[in-house]
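I opened this model to look up its strands, cores and charged pairs. My entries follow in the order I made them.

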Amino acid sequence: MTSSEPLTNFTALAFESRRADTTAKLLQRQGAHPISAPSMQEVPLENHTAVFTFAEQLFAGEVDILLCMTGVGTDMLVKTMKTKYDWEKIHEALSGIIVLSRGPKPAKVLRKLKIPIDIKVPEPNTWKELLEALDSNEQTADLGGKTVAIQEYGEPNEELNEELKKRGAKLLQTSIYRWALPDDLEPLKEGIRAILDGKADVVLFTSKTQVTHVMKVADTVASKEKLREALEHVFVASIGPVCSGGLRSHGIEPDFEPSRPKLAIFINEIAEELPKRMN
């Protein structure tokens with residue numbers, strides 16, 4: 001191994017989908033042999049009732065706060081609204097309420113659209129930091145009777161929803177898309193087989209939904225139990241607290257979390273940590 005390529009002779013398996021190519025390139029840059037096993041795809045909801053319900057309440061002045069949870073979802077929310085309403089009307093209405101950005105990706109979309117961001121959630125951008133950001137802002141410290149619209153992604157965050165309800169908020173859940181398994185499951189199955197056969201040294205999980213999908217497909221390859229046992233002999237890397245919570249819910253203890261939940265930092269820090277653990 002060289003200091004410039006610390007993961008030489010290591011095989012790294014990643015379940016990332018949208019950024020699969022980037023993940024593979026970053027791993028190769030560290031000397032690793034990457035195995036890409038995409039585990040998810042975004043499927044837009046055919047029925048946009050939730051979006052149009054949000055829009056009508058927004059225009060009627062009945063929405064107080066919008067929580068923008070993802071960049072893709074925020075972009076799709078606005079694009080869907082634009083199929084039915086004038087952009088000027090949408091922009092004016094969104095600029096007149098409190099808008100929260102859960103992280104840099106929705107913030108980037110909002111800035112491009114010139115929609116003011118009132119609250120930015122600090123890293124690691126989990127629902128807990130989101131609640132702290134709301135609680136510490138004088139405009140949102142008291143949510144009693146306020147309507148909070150949530151641009152949901154994939155599946156509802158029940159823990160966040162319960163905490164908002166406890167604070168007296170009325171929730172308006174606005175689903176844009178859901179997470180589905182890939183149309184072609186073979187790469188994912190091959191990835192699971194690589195773990196079962198002891199061919200992976202490190203496994204990278206970058207979202208909670210990945211964990212759910214991997215465990216679901218594991219039952220069609222072997223079993224959840226066999227995969228869980230195999231992962232005990234692999235360096236399991238999780239990108240952050242939400243992802244780690246998903247792993248623990250399936251009885252898998254992550255070996256590593258990065259200092260910040262960013263893909264490049266994640267892989268760089270794996271490259272620093274893994275050789276130490278293997279010595």
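Predicted model: local features only at pLDDT ≥ 70, side-chain atom pairs only at ≥ 80, totals over all residues.

**Entry 1: strand 7**

I began with strand 7, residues 147–152. How many of its six residues are buried? I found that six of the six are, so the strand is largely enclosed by the rest of the structure.

I then checked which way the residues point. Thr-147, Ala-149 and Gln-151 go one way from strand 7. Val-148, Ile-150 and Glu-152 go the other way. Both sets are buried, with Gln-151 and Glu-152 among them.

**Entry 2: the sheet around it**

I noted an open sheet of five strands, in the order 6-5-4-7-8, with parallel pairing. Which strands are at the edges? They are strand 6 (119–120) and strand 8, each of which pairs on one side only.

I followed the neighbours of strand 7. Strand 4, residues 65–68, runs parallel to strand 7 and is joined to it by four bridges. Strand 8, residues 170–175, also pairs with strand 7 in the parallel sense, over six bridges.

Ile-65 stands opposite Val-148, and in strand 8 the bridge partner of Val-148 is Leu-171.

I also traced the connection. Strand 7, helix 7 (residues 158–166) and strand 8 make a β-α-β unit, and the unit is right-handed.

**Entry 3: nonpolar cores**

I turned to the nonpolar cores. The largest has 42 residues. Which residues have the most contacts inside it? I listed Phe-15, Ile-195, Val-203, Leu-204, Phe-205 and Ile-270. Helix 12, residues 263–278, gives the most to this core, with six residues.

I found a second, separate core of 28 residues. It includes Phe-52, Ala-55, Leu-94 and Ile-115.

**Entry 4: salt bridges**

The structure holds 14 salt bridges.

Asp-135 forms a salt bridge with Arg-167, and the closest N and O atoms are 2.8 Å apart. What does this pair tie together? Asp-135 lies in helix 6 (residues 127–135) and Arg-167 in the loop between helix 7 and strand 8, so the pair ties together parts that are 32 residues apart in sequence. Asp-135 is partly exposed, at 34% relative accessibility. Arg-167 is partly exposed too, at 25%.

Arg-193 and Glu-190 form another salt bridge, with the closest N and O atoms 2.6 Å apart. Both residues lie in helix 8 (residues 186–196), three residues apart, which is about one turn of the helix. Arg-193 counts as partly exposed at 29% relative accessibility, and Glu-190 is partly exposed at 41%.

The side chains of Glu-253 and Arg-248 also meet in a salt bridge, at 3.0 Å from N to O. Arg-248 is partly exposed at 43% relative accessibility.

Finally I checked for shared partners. Which residues do such salt bridges join into one network? I noted Asp-135, Glu-163, Lys-166 and Arg-167.

Terms used:
Residues numbered from 1 in each chain as written. Heavy atoms only, no water. Buried < 20%, exposed > 50% of the residue type's maximum accessible area, 1.4 Å probe, protein only. Helix = DSSP H or I, 4+ residues; strand = E, 2+ residues; numbered from the N terminus. Pairing = 2+ DSSP bridges. Right-handed = clockwise from strand over helix to strand, strands pointing away. Core = buried A, V, L, I, M, F, W, Y, C linked by side-chain atoms within 4.5 Å. Salt bridge = Lys/Arg side-chain N within 4 Å of Asp/Glu carboxyl O.
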